[in-house]
Amino acid sequence: MALNILLFVVGLVLAVMTLLDVFETVVVPGGSKASLKVAKRLVWTLLPAWKAARGKRHGLSSAFGPLVLVLCFITWMAFMALGFGLMAYAARSDFEPPLRSFFDGVYIVGSSLVTVGLSESNPFGLARWIVLAAGFCGLGVMTMAVTYLLEVQSSISKRDIGIIKLNTTAGEPPSAVTLLQRFAAIGNRQDLREVLRDGRNWCATVRQSHANHPSLIYFQSVGTGSGWPAALGALLDLALLSEHCLDDPSLSGPAMLLREEGTRMARELAGVINLKPCEVAPDEPQLRQAAEQLRSGGYEIRDDVDFQAMAGQRTVYRSCVEALARHLGKPGTVLVRQD
């Protein structure tokens, strides 16, 4: 009797913890705070092995994020099958005929979890409620899985549209200097304010979705080139140059807002996956080189540019952007192309 009570309690605790983990990962913004943390543990377990298997091939493939997502739901369903299986085995005498083993209990509740309903035993008493609860929980998890997949597809689509548009003008990997030179070459400098505003909107959108659902950080889409950390770095460099170097007062406000929003995005997303900012050296000579290239491209450069202050501000956001890029195995920020 005491053993059956213990098995029931252990199974109930496992089932409840699993449901909490599903709910906090899929529904509650900010990721799972429950003790299981299945998604986070899968990432930290699979990421080193995935990078090692890819070897010299750069970065995570597009299959890593979806694989982690699928494994999350498989793991959750397996834990619930174990939890409800323990409860069913604890109430094995309430089945007709009685359950012969723990695996018979897992089979019966598993068929209810996946809404198949195959069973060799007829439950009654407490067993009926265990089987019924398993069916409700399985249906709920599968419904949340479908909803979550739609949310993931929508968020990734919004993120990747911005990356593709940036790569068209800023090259691959994207560079702020290349973008500015491209705009000058085609006589489109008047649209820089719109680019800065769109960049700020992109940063806010990606920060909101990826901070609420951290698994999105690991989704790498086909056709987006270097990935989102490089795109973020290019936008931040664009904001820095537009704010401090270009002699156009109308760009200062949008550029400052973009730099603040992008820096906050980099810092927050690095914190979500427990990444510490990495060490980056100030690059004042590279900033001077960028200013000279822009001057050669036809831009008016301010006479009082403080390159030392610019280098300090760039170090702040690059430390987070580079940490994210290295974690994902992707290129970091490129300011001036060396080709």
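Guide: Let's start with a term: a residue is buried when its relative accessible area is under 20%, and exposed when that area is over 50%, with partly exposed in between. Bear in mind that this is a predicted model. Take Asp237: its relative accessible area is 1%, so Asp237 is buried.

Visitor: Which side chain does Asp237 meet in a salt bridge?

Guide: The general idea is that side chains of opposite charge can pair when their charged atoms come close. Here the partner of Asp237 is Arg314, at 2.7 Å from N to O. The two sit in distant parts of the chain, Asp237 in helix α8 (residues 228-244) and Arg314 in helix α11 (residues 307-328), 77 residues apart. Arg314 has a relative accessibility of 1%, so it counts as buried too.

Visitor: How many salt bridges are there by this rule?

Guide: The count comes to 11. Another one joins Asp283 and Arg318, at 3.5 Å. This pair also links distant parts of the chain: Asp283 is in the loop between α9 (249-272) and α10 (284-296), while Arg318 is in helix α11, 35 residues away. Both Asp283 and Arg318 are buried.

Visitor: And Glu292 with Arg295: are those two buried, partly exposed or exposed?

Guide: Glu292 is partly exposed at 44% relative accessibility, and Arg295 is partly exposed at 40%. Their side chains form a salt bridge at 3.8 Å, N to O. They are 3 residues apart in helix α10, so about one helical turn separates them. As for networks, salt bridges with shared partners join Asp237, Asp283, Arg314, Arg318 and Glu322 into one.

Visitor: On to rings. How is a pair of aromatic rings described?

Guide: You give the distance of the centres and the angle of the planes. The whole structure has 4 aromatic pairs. One of them is Phe73 with Trp76, an edge-to-face pair with 5.0 Å between centres and 85 degrees between planes. Both residues lie in helix α3, about one turn apart. Phe73 is buried at 12% relative accessibility, and Trp76 is buried at 1%. Elsewhere, ring pairs connect Trp50, Phe64 and Tyr218 into a cluster.

Visitor: Which ring does the charged end of Arg92 sit over?

Guide: That would be the ring of Tyr89, with the charged end 4.2 Å from the ring centre. Likewise, Arg189 lies over the face of Tyr299, 5.0 Å from the ring centre.

Note on methods:
Residues are numbered from 1 along each chain as its sequence is written. This is a predicted model: local features need pLDDT of at least 70, side-chain atom pairs count only at pLDDT 80 or more; totals for chains, interfaces and linings use all residues. Side-chain values use heavy atoms; hydrogens and water are left out. A salt bridge is a side-chain nitrogen of Lys or Arg within 4 Å of a carboxyl oxygen of Asp or Glu. Helices (H or I, at least four residues) and strands (E, at least two) are DSSP runs, numbered from the N terminus. Buried means under 20% relative accessible area, exposed over 50%, partly exposed in between (1.4 Å probe, protein chains only). Rings of Phe, Tyr and Trp (its six-membered ring) pair if their centres lie within 6.5 Å; planes under 30 degrees apart count as stacked, over 60 as edge-to-face and the rest as tilted. A charge sits over a ring if NZ of Lys or CZ of Arg is within 6 Å of the ring centre and within 35 degrees of the ring normal.
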